[in-house]
Amino acid sequence: MHVALRPRSGCLVLCLCLSAFTLLLQSLWVPAEITSEEPAGRSPEEQGHRSLGLRRLALRLEALSTQVQRLSRERDVPQLTKDDLSLLLQSFRKDQLGLARLMEKELKRVSMRLEQLSRHQHHQPNTPPPPEALMHTGPKEKCEVPTDRAYPVCAEKVEFLRARWRSDPCYAFYGVDGTTCSILTYLSQIEDFCPPRLGRNHSALPWHQKNHSYTKKAEIRTTLSPLHAAIRNNSGPAVTFIRSRVARMSERWKQAAVRMRQSSNQTDSTQMKVLLYPGALAGSAGQRFEALVERGGPLGELVQWADLSASLTLLGHNLTFSTSQQQLHSLIGAAPGRGSCPIQRPLTFDLIYTDYHGLAHLQGAMGLAFLHYQCRFRILDSFGTEPAFNLGSYARSHGYKTLWGSWGLQPLQYMTMFPHTPDNSFLGFVSEEAVKDGKEEELESDSNRKNRIAVVYGKQDYMWKGKSEYVEVISEELETHATVYQPPGLTSNLPSFIRNHGLLTQEHFLRLLRGAKVFVGLGFPFEGPAPIEAIALGCVFLQPRFDPPHSSENNDFYKGKPTTRQISSQHPYAEKLIGKPHVWTVDVSNKTEVREAVRAILRTEVKPFTPREFTCEGMLERVLDYIAHQDFCSKSLPTWPPECALRVHLGPLGQSCESVCQRSSLVCEPALFHHLNTPAAFARLKIGCSSTRQEVNHLFPAYSPWGQQCGLQQDPLLFSCAGSDLSQRRLCPCRAHLPGQVALSPDCLS
């Protein structure tokens with residue numbers, strides 16, 4: 001039987017067939033989100049490559065369908081001619097064979113991929129239950145969003161995932177398929193935003209379970225072999241520097257460990273599993289940092305990472321060292337995807353030392369688990385983070401919002417290069433020391449020992465800008481040397497009276513310092529380790545005074561940093577805590593003052609000097625006590641330092657607690673603030689409060705004489721040694737400190 005179709009009807013039937021075929025293809029696409037073998041953080045462009053073949057096929061059919069519809073709607077041609085329809089059908093038949101082959105190929109690929117995923121999920125170690133275990137029991141199961149006061153945001157989270165579950169592959173990894181049932185299962189078993197579903201076993205969240213407690217004591221080691229093994233698999237100029245520094249100083253470290261083992265005042269501590277992750281060396285930021293290392297870039301952070309690694313190793317802890325963001329994801333058990341979901345298992349590290357870059361990497365890989373485990377983080381932060389910048393909501397509403405703050409950690413979790421921010425923990429580093437056994441003498445000529453030689457502190461050209469006259473005055477009295485990086489093929493811009501050695505290895509640079517009388521600061525870099533090491537090698541440090549002081553208000557370098565500090569010189573620690581005869585701070589624009597300072601230095605015999613806190617023993621003591629006593633995961637009030645160390649001071653109007661304590665040769669101790677945050681503390685000082693209010697304010701506890709108002713702190717994260725205001729007299733927790741060891745109190749060193 002032959003049925004004749006009119007051209008327009010034939011077009012409509014063909015259009016309908018093509019549309020149905022296109023929908024069939026689209027339903028067969030395998031979303032990239034369910035590919036659990038992909039590394040976390042894969043870009044959308046990379047995820048799209050796998051479905052490119054089917055997408056191209058569907059687009060071709062859609063285009064053909066559109067063409068048919070257009071021809072069928074042509075107003076100026078009431079009916080298609082027989083030739084038009086014939087050409088259209090010939091075009092479709094021409095593509096038919098290719099379309100069939102492509103379809104067969106894509107169906108085979110989909111089948112193979114699904115089989116691989118099934119095998120992968122079956123054998124994957126350390127993963128949560130397979131997605132099918134988390135999803136609903138069958139297609140006919142109906143799920144309603146529960147109303148439960150104990151889970152107030154459940155409905156909101158369900159709506160979010162309905163719209164956004166495809167935004168991160170981790171949701172599909174955990175079994176979410178867009179249905180209400182799968183979303184509720186995920187939100188009750190993985191994120192804990194919804195109540196447990198009826199008829200299902202409910203246990204602790206897979207990433208929330210506590211590790212089995214262990215009490216193995218950390219024994220002091222006298223070898224750094226475990227550290228060499230931990231660093232071995234990392235590479236690059238920065239890691240090479242760290243490895244070289246550890247090797248060069250290994251004997252000093254070992255001797256310090258032996259002395260510490262023999263001492264009777266050791267603090268017992270549990271052996272910790274520790275991850276060291278310098279985030280600045282990972283990813284694209286790491287590539288930029290690595291490039292700078294070989295061109296005279298900053299090395300201070302690397303010095304600190306090397307010395308922290310050595311300290312933790314000798315104190316008996318188990319270290320893992322990584323500079324790979326991909327390895328970080330593996331170490332913490334991150335789910336495949338972009339970090340929206342929690343990690344797959346409990347965190348296996350007791351402590352994670354990282355930096356601001358690493359903190360962002362951890363947040364981007366841990367989902368909700370980031371907040372749960374952030375008490376285990378320790379952040380190496382050279383210039384410090386004050387409490388007013390640390391609490392995000394407060395920073396935004398009070399003008400303290402910066403690029404680097406707002407993480408909401410305990411301020412003592414930030415660990416600084418120098419003890420300039422008492423709200424943070426002073427980690428420090430170990431300074432080079434003058435050789436005492438005479439071996440180095442063989443490497444130095446008689447004419448190079450503390451003669452009239454100055455070495456200028458500044459390894460890049462831009463640091464010398466505007467300093468020629470200052471350096472010229474110094475060169476009138478001293479042979480002046482530099483270690484400025486010189487790019488190949490470019491002419492040096494240094495003054496002709498400068499003898500430039502180019503960028504030196506650390507060993508050769510230290511040898512140059514051992515023969516120099518003066519180490520000359522140009523004003524930048526700020527607060528680095530080099531001046532401390534120069535002083536330890538017998539040099540006098542000559543540096544610029546800043547008037548007015550540098551701060552985030554007037555200096556581009558400090559702008560955006562989470563601190564209100566006023567920097568009075570290139571190196572405030574050297575200026576204030578070491579001082580003359582080792583440190584001279586001058587107005588570099590006053591040639592007479594500079595010349596007189598240089599001549600006075602030449603008349604003075606200065607011996608090498610190292611503050612105890614920058615020796616191996618000093619750093620080991622500090623790190624040991626931090627690990628033994630700082631527990632930011634506990635809900636209890638801090639007990640270290642003990643209350644017996646507290647010295648209460650009421651400051652004058654407009655002064656911070658840091659300044660108040662310094663005036664009495666004490667230091668402000670933020671861990672003791674909670675002892676003062678009560679009306680009884682004001683009463684003990686015989687302060688009459690006409691009213692007492694509790695407020696989220698980084699100045700409190702404090703007393704305002706206007707109206708005799710007493711203020712108590714509402715949020716412990718805002719206890720701050722740094723805050724000051726002309727209307728408030730701060731109530732300050734001060735304490736004494738060990739000689740040469742600001743971080744430790746004589747009342748609490750065990």
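**Salt bridges and a helix pair**

Let's start with Arg-595, which is partly exposed at 21% relative accessibility. Keep in mind that the model here is a predicted one. Arg-595 has a salt-bridge partner in Glu-476, with N and O 3.4 Å apart. Arg-595 sits in helix α23 (residues 591–603) and Glu-476 in the loop between α19 (468–475) and β8 (479–482), so this pair links parts of the chain 119 residues apart in sequence. Glu-476 is partly exposed too, with a relative accessibility of 48%.

Another one pairs Asp-556 with Lys-559, where the closest N and O atoms are 3.6 Å apart. Asp-556 is out in the open, so to speak: its relative accessible area is 66%, which makes it exposed.

Since Arg-735 belongs to strand β19 (residues 729–735) and Glu-669 to the loop between β15 (667–668) and α26 (679–684), the bridge ties together parts 66 residues apart in sequence. Elsewhere, salt bridges with shared partners join Arg-245, Arg-248, Asp-307, Glu-432, Glu-507 and Glu-533 into one network.

Helix α10 (residues 237–248) packs on helix α20 (residues 506–514) at about 55°, the axes being 11 Å apart. That angle makes α10 oblique to α20. On the α10 side, Phe-241, Ser-244 and Arg-248 meet Gln-506, Glu-507 and Leu-510 of α20. By class, that contact holds two nonpolar, two polar and two charged residues.

Key: Residues numbered from 1 in each chain as written. Predicted model: local features only at pLDDT ≥ 70, side-chain atom pairs only at ≥ 80, totals over all residues. Heavy atoms only, no water. Axes fitted to C-alpha atoms, helices over the stretch in contact; angles between N-to-C directions. Helix = DSSP H or I, 4+ residues; strand = E, 2+ residues; numbered from the N terminus. Parallel < 35°, antiparallel > 145°, perpendicular 65-115°, else oblique. Contact = heavy atoms within 4.5 Å. Nonpolar A, V, L, I, M, F, W, Y, C, P; charged D, E, K, R; others polar. Salt bridge = Lys/Arg side-chain N within 4 Å of Asp/Glu carboxyl O. Buried < 20%, exposed > 50% of the residue type's maximum accessible area, 1.4 Å probe, protein only.
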